[in-house]
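Biologist: I'd like to go through this model with you and keep asking how you know what you say. Can we start with the charged side chains?

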Amino acid sequence: MNPPSGRLRRWLWIALLALVCLAALDRAFPPPVPGRDAPQALLVVARDGTPLRAFPDRDHVWRHPVALADVSPLYLQALQGYEDRWFRWHPGVNPVALARAAWQWVRYGRIVSGGSTLTMQVARIIEPTPRTLAGKARQILRALQLEWRYSKDEILALYVNYAPMGGVLEGVEAASRAYLGKPARRLSHADAALLTVLPQAPSRLRPDRRPAEARAARDKVLQRMTGLWSDSDIGDARQEPIVAQAVREPLLAPLLAERLRREAKGEQRIDTTIDASMQETVELLLASRLGALPPRVSMATLVVDNTTLEVRAYAGSADFADADRFAFVDMVRAARSPGSTLKPFLYGLALDEGLIHSESLLADVPQSFGGYQPGNFQQSFHGPVGVSEALTKSLNVPAVEVLDRLEPNRFVAALRRGGLKLDFPKGEAPNLSVILGGAATTLEQLVGAYIAFARQGMAGKPRYRPGEPLVEQRMLSPGAAFIIRDVLESGGPIGRAVEQGSGIRRGIAWKTGTSFGFRDAWSVGVSDRYTVGVWVGRPDGTPNPGFFGANTAAPLLVDLFTAIDKEAPVPRIPPPSVRQEKICWPLGTRFDPAEEPLCHRQMLAWLLNDTAPPTFPDRLRGGEARTAYEVDAASGLRVSAECSDRPRRRVEAARWPAALEPWLPADIQARAKPPAWDARCPSAREPEAGLRIVGLSHGEVIRRPRPDQPPVIRLELRGQRGEVIWLINGRLVARQPASQPLIRRLEENGRVDITVMDERGRYDRISVSVR
């Protein structure tokens with residue numbers, strides 16, 4: 001093989017030198033890169049690509065980043081067929097087109113057809129140049145440089161995302177969403193032709209302002225597509241009118257979009273897990289309630305998919321446009337007192353600790369826990385209640401009683417391990433008030449914790465972006481989660497036999513809460529598919545009297561589930577660790593036919609791990625829950641060895657907690673009370689002896705002095721020197737020294753039950769009638 005001639009070698013060296021020079025120039029003067037050298041816009045989109053909120057760049061340009069795969073092939077065909085049929089073949093410049101344009105310009109003195117390729121148009125988009133020969137030359141060089149650096153698809157993607165589309169819109173996706181109300185992947189033939197021609201004169205051809213001019217230009221593109229599209233498709237496209245909606249800034253889930261924007265790191269598009277249709281439904285439901293709310297009251301809602309932990313709807317405020325309602329304060333993330341919403345976790349953790357079962361006997365009566373004296377929301381008491389009733393009625397005293405046994409520090413630590421962190425005032429440690437809202441948490445964390453009732457005890461961190469990792473923690477055992485969800489949904493085994501009448505449709509386990517001073521109203525619900533949380537209140541923390549969880553947040557929760565969750569509930573099978581059994585009050589243990597006299601009341605309960613823990617030890621008096629006494633074998637009257645030498649027999653009995661004895665129904669009192677003492681035992685005393693109400697007698701009728709004047713009663717106490725508790729119709733009215741008389745106005749007619757108790761459980765009770 002002969003070596004190349006000297007002339008050929010010189011040309012090779014020249015060519016090589018030219019390439020080196022071009023490479024050096026390319027390196028020294030790189031083309032501007034959109035997103036790095038150009039202002040950036042940011043778009044936050046729903047899971048289906050629907051824009052939630054657009055954050056414009058410094059020039060207030062809206063741009064919706066889109067991949068070529070997400071653009072309709074019809075648009076790509078029209079774009080290349082109309083603008084640059086040789087796009088896939090030329091090196092960035094089409095000499096034939098340039099020569100034709102130059103000849104026409106010389107001949108007619110004006111531009112008849114452009115000679116720019118798509119690559120040259122991209123060069124002009126990323127680096128605008130004047131419409132002069134020098135500007136055109138620079139554009140050509142930049143086009144060659146783009147072809148050197150990027151693939152054809154990358155160049156096409158730049159055009160698709162940055163082409164001017166009128167006003168503040170750039171890119172086909174932004175134009176399609178703004179003008180046509182649809183994503184670019186769903187463009188029709190007519191739509192594709194319209195958006196292809198729009199960048200030629202964006203202001204003059206805007207379809208929302210100049211539909212006639214836009215239609216004429218569109219039809220010109222359709223005519224050019226003959227041979228590429230069928231005649232029938234072109235004919236049908238010509239018949240479509242130009243119908244464009246007014247350009248509006250997308251504004252769904254605005255506070256979530258703002259939150260994600262602050263967390264973004266140089267992104268132009270943030271994909272979220274939000275369901276756009278559900279988000280719109282949630283926002284409309286919130287807006288529909290604004291008229292019934294006082295000024296400055298806001299609302300927040302969070303909806304999470306139980307299976308994926310993905311957030312489907314996020315409303316951080318009631319109305320993003322209402323500054324008077326603190327629209328820019330995101331109450332999904334604000335730390336507020338959770339009220340009673342922590343009670344399900346308390347009872348669930350107590351189940352796991354083996355302290356209770358679903359019908360353990362608790363005392364909803366006035367009690368003092370080391371000086372802490374909780375009351376119920378309505379300041380009334382119910383006497384003996386089971387765990388299920390205490391939870392469904394959200395009774396405070398039983399919850400504090402269980403927390404006292406579990407210990408506040410252990411409870412708070414268990415919540416933290418499950419992902420629910422509580423904030424306490426500076427210098428404060430967990431105490432008994434935590435179960436009534438004496439700490440703070442967020443709606444986001446609360447919803448994440450409630451997910452445990454739908455995921456066999458596994459709580460989770462709500463996910464806002466598809467790529468976020470699945471973070472979950474064990475909150476409860478599967479058995480405890482099942483039992484608590486069953487109680488919240490139906491009242492447990494006992495509640496299912498009673499008509500609920502609550503307005504909450506079956507298949508939803510739900511709980512409400514109200515913080516001190518009516519500052520926060522909560523409702524959180526769990527279905528098979530979703531966990532939904534609702535907060536209502538004033539973001540500035542001021543009270544909102546009369547607004548509490550049951551009357552404000554719960555109705556909204558019901559409407560949300562009705563709107564977003566159409567699936568029928570699936571029957572749930574208890575896990576192997578859960579079973580139903582009969583238990584007995586007051587002992588709290590399993591029913592044993594051999595000990596039926598000790599079972600004053602049978603209850604059907606859920607047991608966890610085959611454990612039936614007994615009733616908590618009596619707080620007011622010591623001794624065992626089982627007691628024994630002797631009766632005369634012949635008469636059955638109560639006797640003792642000191643006062644009777646006749647045959648006796650031993651009787652075993654079950655004792656109710658002393659604090660509950662005044663609250664027992666008459667039939668259970670008769671069954672629980674020992675028989676009367678034999679006359680030969682005069683020194684014996686009844687348990688309630690020594691406490692007596694004077695001033696009124698049992699069964700007395702009190703008449704009003706005048707129809708509009710309620711009577712005033714004055715009661716005194718005999719047989720006690722310490723502090724006593726007075727109750728009227730089960731409602732705590734006074735806690736005072738026994739020496740101090742009770743003076744009370746009886747406002748309503750009818751029967752009035754008056755009870756007095758001391759700390760040892762002794763009591764006296766009378767009933768009077770006001771007429």
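Predicted model: local features only at pLDDT ≥ 70, side-chain atom pairs only at ≥ 80, totals over all residues.

Biologist: Are Asp-191 and Lys-182 buried or exposed, and how do you know?

Modeller: Buried means under 20% relative accessible area, exposed means over 50%, and partly exposed is in between (1.4 Å probe, protein chains only). Asp-191 has 9% and Lys-182 has 19%, so both fall under the 20% cut-off and count as buried.

Biologist: Which residue forms a salt bridge with Glu-147?

Modeller: That's Lys-152, with the closest N and O atoms 2.8 Å apart. Glu-147 and Lys-152 are both buried too. In total, the structure holds 43 salt bridges.

Biologist: Why do you say that the pair of Glu-444 and Arg-259 ties parts together?

Modeller: Their side chains meet in a salt bridge at 2.8 Å, N to O. Glu-444 lies in helix H17 (residues 443-450) and Arg-259 in helix H11 (residues 254-263), so the bridge ties together parts 185 residues apart in sequence. Helices here are DSSP runs (H or I, at least four residues) and strands are runs of E (at least two), numbered from the N terminus. With 16% relative accessibility, Glu-444 counts as buried, and so does Arg-259 with 11%. There's a network as well: Arg-53, Glu-258, Arg-261 and Arg-262 are joined by salt bridges that share partners.

Biologist: What makes Asn-396 buried, and what does its side chain touch?

Modeller: Asn-396 has a relative accessible area of 10%, so it counts as buried. Asn-396 lies in helix H15 (residues 396-406), and its side chain makes a polar contact with the side chain of Lys-343 at 2.7 Å. A polar contact is a pair of N or O atoms within 3.5 Å; within protein, one must be able to donate a hydrogen and the other to accept it, and residues adjacent in sequence count only if both atoms are side-chain atoms.

Biologist: How do you know whether helix H2 is enclosed or open?

Modeller: Count its buried residues: 9 of the 11 residues of H2 (residues 73-83) are buried, so the helix is largely enclosed by the rest of the structure. Among them are Leu-74, Tyr-75 and Gln-80. The buried residues of H2 pack against helices including H4 (118-126), H6 (152-162) and H9 (211-224).

Biologist: Which residues does Phe-411 contact, leaving aside neighbours within four places in sequence?

Modeller: Among them are Leu-342, Phe-345, Leu-403 and Ile-435. Contact means heavy atoms within 4.5 Å.

Biologist: Last one: what makes E23 and E24 a pair of strands?

Modeller: Two strands pair if DSSP finds at least two bridges between them. Strand E23 (residues 723-728) and strand E24 (residues 731-737) have 6 bridges in the antiparallel sense, so they qualify. Leu-732 in E24 is the bridge partner of Leu-727. The hairpin has 2 residues between the strands, and Asn-729 takes a positive phi near 55 degrees.

Technical notes: Residues numbered from 1 in each chain as written. Heavy atoms only, no water. Salt bridge = Lys/Arg side-chain N within 4 Å of Asp/Glu carboxyl O.
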